[in-house]
Amino acid sequence: MTDLEIDPGTDPKQAAVAVATACRILAHQGLAADVLGHVSVRLDAERILLRCRGPHDRGLLFTEADDICVVRLDGGAELPDGYSAPNEMHIHTEIFRARPDVRAVVHVHPREVMVADLAEATLAPVFGAYNIPAARLALTGVPVYPRSVLIRTPELGADVAATMGDADVCILRGHGIATAGESVGQATMRALDLTELARVTGEIIRLGAEPRPVPDAAELPDLGAAFNDQSRWLHYAGRLALAGLAL
């Protein structure tokens, strides 16, 4: 399935499968070690579906649709027995509050992004057509939230949202990343793209060179959601199926 077919007001069960699939994709691609990280999608003006923690939680790689629960933007929730919302749910709720255009939010802990940022590496468009969506993320700039705290209050969540501003991605220094999109698939692909950008940047530095923007980066086109998001979402979902991890 592709979550791009899911619009606000449609079957929450389908949306929960999309969020759970995103969690599995991110973990399978190495962006979410063990039990850390979560994904959400907006249901309506007051509610989101958020990956919560159950009594037998085995981490994002093994997320089930039942792990995706309704949480209100005011922080309230009526969760199934044994479930709790993640401590950092405010990353999600406050980005949704600040950005009516956002339909989905990802928070994960890709090591490559954290290390590149701690090394004070600027994530410039160091490549071009190799990965156009990632290069275009770099062209628009990647904001960095400078604190390494656990985002466990609405005030801290609002700080993250303010740092992110109108950007599609944000680095949380010494911590992880937040990405936003018009769909679960788009927010997920942006997390993968930001990680690839940091990975290549780090490899350039380890080879003894300085990461520099390629000269033609500004000419790279927007290939559109059908390619950037939907096709790649189906690709990574296919990888899950091949690995026996599809829902």
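Visitor: Welcome me in, then! What does the protein's secondary structure come to?

Guide: The protein has seven helices and seven strands. Following the sequence, they come in the order α-β-β-β-α-β-α-α-β-α-β-β-α-α.

Visitor: How do you know whether the radius of gyration agrees with that of a compact globule?

Guide: We set the value against a rule based on chain length. For 247 residues the rule gives a radius near 18 Å, and the protein has 17 Å, so the value agrees with a compact globule. As for its extent, the C-alpha trace spans about 55 × 40 × 30 Å along the principal axes.

Visitor: What share of the residues is buried?

Guide: Of the 247 residues, 51% are buried. To be given that word, a residue must have under 20% relative accessible area.

Visitor: Why is G174 called partly exposed?

Guide: Its relative accessible area is 32%. Buried means under 20% and exposed means over 50%, so a value in between is called partly exposed. You will find G174 in the loop between β6 (169–172) and β7 (176–181).

Visitor: Which residues does G174 touch, leaving aside its neighbours within four places in sequence?

Guide: G174 is in contact with M114, L118 and S148. Contact here asks for heavy atoms within 4.5 Å.

Visitor: Why does D34 count as exposed?

Guide: D34 has 52% relative accessibility, and the cut-off for exposed is over 50%, so D34 passes. D34 sits in the loop between α1 (12–28) and β1 (38–42).

Visitor: How do you know where the predictor is confident?

Guide: We look at pLDDT, which averages 94 for the protein, with 96% of the residues scoring at least 70. Over residues 4–9, though, pLDDT stays under 50. Where pLDDT is low, the predicted coordinates should not be read in detail.

Methods. Residues are numbered from 1 along each chain as its sequence is written. This is a predicted model: local features need pLDDT of at least 70, side-chain atom pairs count only at pLDDT 80 or more; totals for chains, interfaces and linings use all residues. Side-chain values use heavy atoms; hydrogens and water are left out. Helices (H or I, at least four residues) and strands (E, at least two) are DSSP runs, numbered from the N terminus. The radius of gyration is taken over C-alpha atoms; the globule rule is 2.2 Å times the number of residues to the power 0.38. Buried means under 20% relative accessible area, exposed over 50%, partly exposed in between (1.4 Å probe, protein chains only). pLDDT is the predictor's confidence in each residue, from 0 to 100.
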